[in-house]
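Subject: A structure for you to explore

Hello,

Here is the structure I promised to pass on to you. Please open it beside this email, and I will walk you through what turned up.

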Amino acid sequence: AYAGGYNTSDRTRDVIVSGDYAYVADGSDGLVVMDVSDPANPTPVGGYNPDHGFASGVAMSGGYAYIANGGGNNADRGLVVVDVSDPTNPAYAGGYNTDGHTYGVVVSGGYAYLADAYGGLVVVDVGDPTNPTLTGKRTLSHAYSVAVSGVYAYVANSGSGLGVMNGSDPANPTLAGG
């Protein structure tokens, strides 16, 4: 049964919950932080909007939100890292500008794995969230989403279906199957 909701002002693309907060990738409104301690009455409490961006995905790790930012031709395109240690006042921490339009992000083992459209799978070292650096990438036809389990990255690859990447060497992800 429906428990509650909140109508955001743009097109919500992704959400992740951590504690009493939902972190919503809300398109041109960027990251919207919602207090969901009362599920029947979610309430916006903060947010961060990348310059001319389009938040398509969000991941959480260690007090940071990692936004897959698919729009704009600026330094905020690609990966945007936001310090959410105070969910009511999210602040820019760092970023990495990709070649494509980033649709999805997963953080695992100190790396952000980005589904970067025609840029394919992009692996970014986020050991220092304030200074993300490129580790490796693998060109694919059109990466929309990514999931990671162990050393494998599973990429939703548009018309080519599922691409399975072996990321045991993050600097050189190789095609394992699909």
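In what order do the 4 strands of the open sheet stand, and is their pairing parallel or antiparallel? The order is S13-S14-S15-S16, and the pairing is antiparallel. Before you go further, please keep in mind that this is a predicted model.

**The open sheet**

Have a look at the edges of this sheet. Strand S13 (145-149) and strand S16 (174-177) stand there with a single partner strand each, so one side of each has no neighbour in the sheet. If you ignore direction, neighbouring strands are turned by 35° against each other on average. For S13, the pairing with strand S14 (residues 152-156) is antiparallel and runs over 5 bridges. As a reminder from your course, strands of a sheet pair through backbone hydrogen bonds.

**A buried strand**

Next, please turn to strand S6 (residues 64-69). Of its 6 residues, 6 are buried, so S6 is largely enclosed by the rest of the structure. In a regular strand, side chains alternate between the two faces of the sheet. Both faces of S6 are covered: one side has Tyr64, Tyr66 and Ala68, the other has Ala65, Ile67 and Asn69, and all of them are buried.

Which strands does S6 pair with? One of them is strand S5 (residues 55-61), which is joined to S6 by 6 bridges and runs antiparallel to it. These two strands form a hairpin with 2 residues between them, and Gly62 in the turn has a positive phi of about 55°. Strand S7 (residues 78-83) also pairs with S6 in the antiparallel sense, over 6 bridges.

**The largest pocket**

Finally, there is a pocket to look at. The largest pocket has a volume of about 180 Å³. Its lining includes Gly5, Tyr6, Thr8, Thr12, Met34, Val36 and Pro42. Strand S1 (14-18) and strand S2 (21-25) each supply at least two residues of this lining. What kinds of residues line the largest pocket: nonpolar, polar or charged? The lining divides into 8 nonpolar residues, 3 polar ones and no charged ones.

Enjoy exploring, and write back with any questions!

Best wishes

How values were computed
Residues numbered from 1 in each chain as written. Predicted model: local features only at pLDDT ≥ 70, side-chain atom pairs only at ≥ 80, totals over all residues. Heavy atoms only, no water. 1 Å grid on protein atoms, 1.4 Å probe; cavity = no way out; pocket = protein on both sides within 12 Å on 5 of 7 lines; lining within 4 Å. Points joined across faces, edges and corners; volume = space filled by probe spheres on them. Nonpolar A, V, L, I, M, F, W, Y, C, P; charged D, E, K, R; others polar. Pairing = 2+ DSSP bridges. Axes fitted to C-alpha atoms, helices over the stretch in contact; angles between N-to-C directions. Buried < 20%, exposed > 50% of the residue type's maximum accessible area, 1.4 Å probe, protein only.
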